[in-house]
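Me: I would like to go through this model with you, one question at a time. Please give the cut-offs behind each term as it comes up.

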Amino acid sequence: MMRNMFSSIVRKIEWLSLWSGRLLSVLVLAMVGIILWEVVMRYFFDRPTNWAMESATMIFGVYMMGGGVYALLKGGHVKMDILYGRWPDRKKAVADLLTFPLFLVFFSILLYLSAKYGFESFAMKEYATTAWGPPLYPWKLTVPVIVLLVLLQGIAGFLRNLFLAITGEAL
């Protein structure tokens with residue numbers, strides 16, 4: 001019963017993390033296309049744009065933040081392996097369970113503050129003060145969405161570790 005419930009929740013969260021990572025990977029192609037456009041316009045036609053580098057920077061920011069969700073899914077974040085790497089899986093799960101409250105507090109606060117910041121930007125219809133002057137609020141609203149995805153993936157990891165710590169079996 002517990003296995004089925006945990007497994008169902010974890011599968012749904014990990015599906016969301018996987019697909020958000022795949023969707024964000026397309027942003028790399030958009031960013032490369034924008035930079036290529038700028039290089040061609042600047043060096044071959046002597047007609048630089050005022051939007052390309054700024055938009056590429058915004059896309060890169062979303063891509064890098066969103067990549068954290070995928071990295072958390074795949075276990076790609078750095079861990080202190082001095083002791084941890086030598087421990088059996090069950091002991092690793094217990095250690096991860098003990099550090100989860102720190103993760104939960106940090107990302108809950110980050111979610112609250114980023115949502116507040118994003119919604120304030122949306123309410124005032126904030127625009128950049130550059131020559132191009134694009135709207136900033138859509139980009140600022142992506143931050144709480146990505147933080148929420150990280151938080152969900154962290155919860156999936158918590159459920160995996162909890163199941164392993166209790167039963168001794170991987171989920």
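Me: Does Asp46 count as buried or exposed, and at what relative accessibility?
Reply: This is a predicted model, in which local features need pLDDT of at least 70 and side-chain atom pairs count only at pLDDT 80 or more, while totals for chains, interfaces and linings use all residues. Residues are numbered from 1 along each chain as its sequence is written, and side-chain values use heavy atoms, with hydrogens and water left out. Buried means under 20% relative accessible area, exposed over 50% and partly exposed in between, with a 1.4 Å probe and protein chains only. Asp46 therefore counts as exposed, at 65% relative accessibility.

Me: Where is Asp46 placed?
Reply: Asp46 is not a glycine, although its phi is positive, at about 50 degrees. Helices (H or I, at least four residues) and strands (E, at least two) are DSSP runs numbered from the N terminus. In those terms, the place of Asp46 is in the loop between helix H1 (2–43) and H2.

Me: What is the relative accessible area of Lys125?
Reply: Lys125, which is not a glycine either, has a positive phi of about 50 degrees. Lys125 lies in the loop between H3 and H4. Lys125 is partly exposed, its relative accessible area being 40%.

Me: How many helices does the protein chain have?
Reply: Read along the sequence, the pattern of the protein chain is α-α-α-α. There are 0 strands in the protein chain, and the number of helices is 4.

Me: How far apart are the end C-alpha atoms of H3?
Reply: The expected span of a helix is 1.5 Å times one less than its number of residues. For the 35 residues of helix H3 (residues 89–123) this should give 51 Å, which agrees with the distance between its end C-alpha atoms, 47 Å.

Me: Where does H3 bend?
Reply: The bend at a residue is the angle between axes fitted to the seven residues ending there and the seven starting there. In H3 this angle is about 35 degrees, and a proline, Pro101, follows within four residues of the bend, which is at Thr99.

Me: Which helices are included in what covers the buried residues of H3?
Reply: The buried residues of H3 include Leu97, Phe100, Phe103 and Phe107. Contact means heavy atoms within 4.5 Å. What covers the buried residues of H3 includes helix H2 (52–74) and helix H4 (137–167).

Me: What radius of gyration does the protein chain have?
Reply: The radius of gyration is taken over C-alpha atoms, and the globule rule is 2.2 Å times the number of residues to the power 0.38. Along its principal axes the C-alpha trace of the protein chain spans about 65 × 35 × 30 Å. A compact globule of 171 residues would have a radius of gyration near 16 Å, but the protein chain has 20 Å.
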